[in-house]
Amino acid sequence: MSLAESPAPQGGDGATDAARNPLRACLQRLVTPRKFELWFSTVRLADTSGDPVEVTLGNEFLCEWVARNYLDEVHEAVAECLGEPRRVRFAVDPQAQPEPAQPQRDSGERNRDYFMSNSDVGLNPRYTFDNFIVGPSNQLAHAASSAVSEALAGSYNPLFVHGSVGLGKTHLLQAICHKAMSSGRSLKVLYLSSETFVNQFIASIEQGDLERFRYRYRNVDMLLVDDIHLLAHKERTQEEFFHTFNALHNAERQIVLASDSPPDEIPTLRDRLSSRFKWGLVAQVAAPRFETRLAILRRKAIDRGAELPNDVLNFLAEHIDSNIRELEGAVTKVLGYAQLIGRPVDVAMAHDALGTGDSGISTRTVTGVERIQEVVCEHFGVKIADLQGRRRTQSIALPRQVAMALARRLTGLSLEEIGGRFGGRDHSTVLYAVSRMKDRTERDPSFRTLLNELQERARR
Ligand code: ADP
Ligand code: MG
């Protein structure tokens, strides 16, 4: 025990420091000042009587990190201090533990601390399971998310949620975070956009600090990556993510991914990644049906401390059929509008607020299929019933294809759903229309101009 040291002095001068803590002084010479500060400020040679000798550090994380990355330096420093090479084991310094505020804090708080210091975005407190309205369009994704938040790395690993924009993917991912972190277990939850993953990966390469990057991502209990489709065309990051994925999956850590398209449709995504993304459960969130839209609208109004009359709810649910963010926006607008003019909400006001009326106040943000059909019919001089009917003459087929292509561009609806609005046609018909129109706009500038004009008109 003779060489065992007393705890590291706080801010002691170099000479006494070297005498009281020779290991620390040796390491200070062996690594850069920045690395020393990061990893070794708490290092001590605690017990030299046994074999291996015991080196202590401030916490478990440091022990793990130093053992993994600086074993050679520590061996060298120990050999220098003791005059001979010795085997080393690491332990948490009992005098550095526990951190002062730790004992009274519950696991929820600790989990949140970890989250705050490691995830790039804060969680939206409203994105909870309680605030998530479940309907046929999102039932599976919701059930799987809820299961994942309760039992980590069960059968849904990874959970892959996909669907177009504004349909609740981010809401579900964050709900998982909230729930998991308040579960009473101590959990390292990391939530980020794949953009952050890309940026940090690039930065770590530039700074030659890939180890730290890897540690950060591979040492968590649950990794949630939002907007994973942004890995498209980023080949090197895909490669890195592949390894991150494997490391976590092998260690049975939960992975949750959200994407605007299914794994197979993410451009340039390597097969080995897309196949892994399908290992667990792939769940789609689709555009909500009428009843669900109604429930969401009602709920969003209540959240804002208001109640909307049924006819207004019906009107909004009918006219906004693409995405939930638009539904929310409409509630905000209608309520704001009512407050502004100091009258209770009615359907005419909803018209105004959405810009669908003729009051001249146009704040329309919503482009529903109906509006697109209206604009297209007006231009081509056909009837909406014709677009939905069975006739296939060229005079109907073209407007129909134009309207379908615009619906694809402007709404969040799936191919099936768009087909449904055109007399129950199937998704391949819509897909065909979309690609025909795309070809034609590429070949024919005047057609392109027409389509853009119609698009602008439909948005107005
Ligand atoms: P995405 O990530 O799929 O683009 P978000 O999760 O950001 O969509 O959702 C857009 C908005 O709609 C958010 O404000 C979210 O709270 C709300 N939202 C989405 N789905 C639901 C739902 N089922 N119930 C209540 N609100 C929802
Ligand atoms: Mg999102």
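Modeller: The lining of the second largest pocket divides into 10 nonpolar, 9 polar and 4 charged residues. Here Ala, Val, Leu, Ile, Met, Phe, Trp, Tyr, Cys and Pro count as nonpolar, Asp, Glu, Lys and Arg as charged, and the others, Gly among them, as polar. The model is predicted, so to speak of a local feature takes a pLDDT of at least 70, and of a side-chain atom pair 80 or more, while totals for chains, interfaces and linings use all residues. Residues are numbered from 1 along each chain, chains are lettered from A and ligands numbered from 1 in written order, and side-chain values use heavy atoms without hydrogens or water.

The second largest pocket holds about 580 Å³ of space. A pocket is an open set of points on a 1 Å grid over the protein atoms alone, where a 1.4 Å probe fits, with protein on both sides within 12 Å along at least five of seven lines; lining residues have an atom within 4 Å of a point. Its volume is the space filled by probe spheres set on the points. Which residues come closest to the pocket's centre? Of the 23 lining residues, they are Asp-260, Ser-261, Pro-262, Glu-265 and Arg-408. Two elements give two or more residues to this lining: helix H20 (415-421) and helix H21 (427-443). H21 gives the most, with 3 residues. (Helices, H or I with at least four residues, and strands, E with at least two, are DSSP runs.)

Now the sheets. One is open and has 5 strands, in the order E5-E6-E7-E4-E8, with parallel pairing. (Strands pair if DSSP finds at least two bridges between them.) At the edges are strand E5 (189-193) and strand E8 (281-284), each of which pairs on one side only. Neighbouring strands here are turned by 15° against each other on average, direction ignored. (Axes are lines fitted to C-alpha atoms, for helices over the stretch in contact; angles run from 0 to 180 degrees between N-to-C directions.) Strand E4 (residues 159-162) pairs with E8 in the parallel sense, over 4 bridges. Within E8, Val-282 is the bridge partner of Phe-160.

Helix H8 (residues 169-181) touches E4, E5, strand E6 (222-226) and strand E7 (254-259). (Contact means heavy atoms within 4.5 Å.) The direction of H8 makes about 160° with that of E6. Helix H9 (residues 194-206) lies across E5 and E6 and runs at about 90° to E5.

The peptide bond from Asn-157 to Pro-158 is cis, with omega near 5°. Pro-158 sits in the loop between helix H7 (139-150) and E4. Asp-227 is not a glycine, yet its phi is positive, about 55°. Asp-227 belongs to the loop between E6 and helix H11 (235-250).

Another open sheet has 3 strands, in the order E1-E2-E3, and its pairing is mixed. E1 and strand E3 (88-92) are its edge strands, each pairing on one side only. Its neighbouring strands are turned by 40° on average, direction ignored. E2 and E3 pair in the parallel sense over 5 bridges. Val-55 stands opposite Phe-90 in E3. Helix H4 (residues 60-69) packs on this sheet and touches E2 and E3; its direction makes about 160° with that of E3. A cis peptide bond, with omega about 0°, joins Asp-51 and Pro-52. Pro-52 lies in the loop between strand E1 (44-47) and strand E2 (53-57).
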